[in-house]
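User: I would like to learn how to read charged side chains in a model. Could you take me through some cases?

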Amino acid sequence: MSRIPTKQEVLDWISANPTLTSKRDIAKAFGIKGADRIDLKRILKELEAEGHLEKRKRSYRDPDRLPPVSVLQVKAPNEDGDLFARPLEWHGDGVEPIVLLITRASDPALGEGDRILARLTVVQEEDHNYEARLIRRIGTNPRKIVGIYRKGAEGGRIVPIDKAGSTEWLVPEGAVHGAKDGELVEAEQAGPKNRMGLPRARVVERLGDPTAPKAVSLIAIHQHGIPDDFPDKVIDEADKAKPVGLKGREDLRDMPLLTIDPSDARDHDDACYAHADDDPKNPGGHVIWVAIADVAAYVQPGTALDREARKRGNSSYFPDRVVPMLPDRLSGDLCSLHEGVPRACIAVRMQIDAEGNKIGHRFVRGLMRSAASLHYAEVQEAIDGTPDDRTEPLLEPVLKPLYAAYAALKKARAARQPLELDLPERKIVLSDTGEVTSVAFRDRLDAHKLIEEFMILANVAAAETLIAKRRPLLFRVHEEPAPEKLESLRETAQAAGLNLAKGQVLQTRHLNALLNAAAGTEDAELINLTTLRSMAQAYYNQENFGHFGLALRNYAHFTSPIRRYADLIVHRALISAHGWGEDGLTEEEIARLDETATHISDTERRSMMAERDTTDRYLAAYLSERVGNEFTGRISGIARFGAFVKMDETGADGLVPVRSLGREFFHFDREAGTLMGSDTGLIIAIGQRVTVRLTEATPVTGGLELELLSIDDQALPRGRGPAKRGARRKAVSTKRKKDKIKRKVERKRRQR
């Protein structure tokens, strides 16, 4: 009879012999034969159930050790130029192993993000556990999938969480990464897509319970690839940072600069102060100071902090968390302009005349001390006559002069006529545990508008200074709407009985005239939404193409360097332009400004999409308990597959599928933006008032499905049933021709 090894002896053998781990290999090693193999099988099953071993096809391995041949993802080089890699087949519960790449002269150049197949050797070095030698590169940046893992007999499947996601992914047994049934996982495509059957994926990270309230933003963060963990080197640099002193700076500590932010603000990067101008040449004028956190003093070019900040591009804000551009040691401490604490800043002193026009400005690198950290509501309440203990002492000497300067700026704004959209912003209110308690409208106070106008003025001053000093920078660019978007807006306005003049150089005042004409009517929201959708998206560029929406020729982002990398670039440019130190814009940065502009424009869009998706999921969770209820709203979009409705109460967008609109065929007219019933002639178009019933709410995807009950207070007619295809096409074609002729005649009549 063979001696049956203990569990520990089996584990020790597998650990020492990672290439000989089949049941036959283990039996041979311990001399186990015949019926004794049953006892060995029992031990292996127990070790597997206890989590000590993982079965991979016909072999076993220690989940706390990497396989001898593994798939790795190459990381960025460290400060010594060494390449490390992340093991994508790590299944253990402890600290992830550190793998050092040993490259040979014949190996291809490897960069951050590359996926490689490598042979591993266990080592006991101070800074790594494994050394890897390249076998072959297997591709870069494979497609990412975020979804729900569903366990199967061998491996499982991933059900996508995208609203538009319909394809499931097959996960082979060896690529599960320890995922459990029902868990939210992040995976990546494994190999080329098959022509037949489901595509294959490899689980790379387990994200936990998808129904947990605070998983909502986590889904968006991983789905959109937003980095949410700082590398150790970045944290180390931030932790070593020390407060900046007065040396070489202008002392602004006695100036009563104060910050005004939302009540839940996570950082304070701008402060302001204003007073009447005592220059006799500027009667009725004002002096406005705007001081901005001097992030450039802490985040210097070429450092790990700088590389990570550029990689992120900006902070991302969600209802329950923020993914910051900088570690909290900087964003929430050293760079945040806290009340009563000396803080490094770059400040601009601006003179405006009685009509709010800027007549001069100068920049300084200083040290300030915030007189108070206030929030918008308490500032507004103080101005409106109900100051509290904090704002009472500041009312006469600080707050009223701020509002006096703002009153002058409003005159200049009225003359300039930037685009004045009226679209109330919704705010999702969460409980301490992350559930949605309400969906409210954000307040739009004069205190908000005051800070906005001060920041716009400071941004203009930064752009003008750098242009005058011929220094390279990144402009904030917003180009004119595309002609086809304007034509669509013009047609929507005409359908509402309004007019957008044609045949002239478009200016924002023309759009404002349209918006003012719609104000107070039932079409006001439609016109505002359509105007917004006609706008081009703002972006960053080294070339100055102006800012159409703000009606400004020169504009750059200067006022938020804690949360935007573009502002940090402008700060460095100002430092170089004024000769304030060695931490200005370097030649290397200047050489890649175009690349930086494209990158941070992309990260900004990435954050916007993630924030929007998170809002959709929270709204779906909030409405999931009201399935079956009726809501009023307005048609906000038309597609071949249905109509989108923006609901009045929450601002949530839901889909009315075309299949639910009755038994008739609905023709989609892309040019007119309508759906038309073949039997009833019913036309569904953007802007119509509707009543809908909520039939489905899916929090994990953010999807809302609606049933259309009435249009413009008229019950929805039902078709008689499927028409013959030829007759239906003929009816639709005839109707389209008639509509086009009708629109053409109407346009000619208006032109006359």
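Analyst: Happy to. A polar contact is a pair of N or O atoms within 3.5 Å. In this predicted model, the side chain of Asp267 makes such a contact with the side chain of Tyr317, at 3.5 Å.

User: Where is Asp267 placed, and which side chain of opposite charge is nearest?

Analyst: Asp267 sits in the loop between strand E14 (258–261) and strand E15 (270–276). Asp267 is buried but has no salt bridge, and the nearest side chain of opposite charge, Arg563, is 5.6 Å away.

User: How many salt bridges does the structure hold?

Analyst: A salt bridge needs a side-chain nitrogen of Lys or Arg within 4 Å of a carboxyl oxygen of Asp or Glu. The structure holds 36 salt bridges. One of them joins Arg249 and Asp294, at 2.7 Å from N to O. Arg249 lies in the loop between helix H5 (232–240) and strand E13 (250–252), and Asp294 in the loop between strand E16 (286–293) and helix H6 (304–312), so the pair ties together parts 45 residues apart in sequence.

User: Are Arg249 and Asp294 buried or exposed?

Analyst: Both Arg249 and Asp294 are buried.

User: And which residues gather in a patch of negative charge on the surface?

Analyst: Asp80, Asp82, Glu125, Glu126 and Asp127 do. Of these, Asp82 lies in the loop between strand E3 (69–74) and strand E4 (84–87). Buried means under 20% relative accessible area and exposed over 50%, so Asp82, at 33%, counts as partly exposed.

Terms used. Residues numbered from 1 in each chain as written. Predicted model: local features only at pLDDT ≥ 70, side-chain atom pairs only at ≥ 80, totals over all residues. Heavy atoms only, no water. Patch = residues over 30% accessible without salt bridge, like charges linked within 9 Å, V, L, I, M, F, W, Y side chains within 5 Å. Areas by Shrake-Rupley, 256 points an atom, 1.4 Å probe, with all protein chains shown as cover. Lys, Arg positive; Asp, Glu negative; His and termini not counted. Charge placed at Lys NZ, Arg CZ, Asp CG, Glu CD. Helix = DSSP H or I, 4+ residues; strand = E, 2+ residues; numbered from the N terminus. Buried < 20%, exposed > 50% of the residue type's maximum accessible area, 1.4 Å probe, protein only. Polar contact = N/O pair within 3.5 Å; in protein donor to acceptor, adjacent residues only side chain to side chain.
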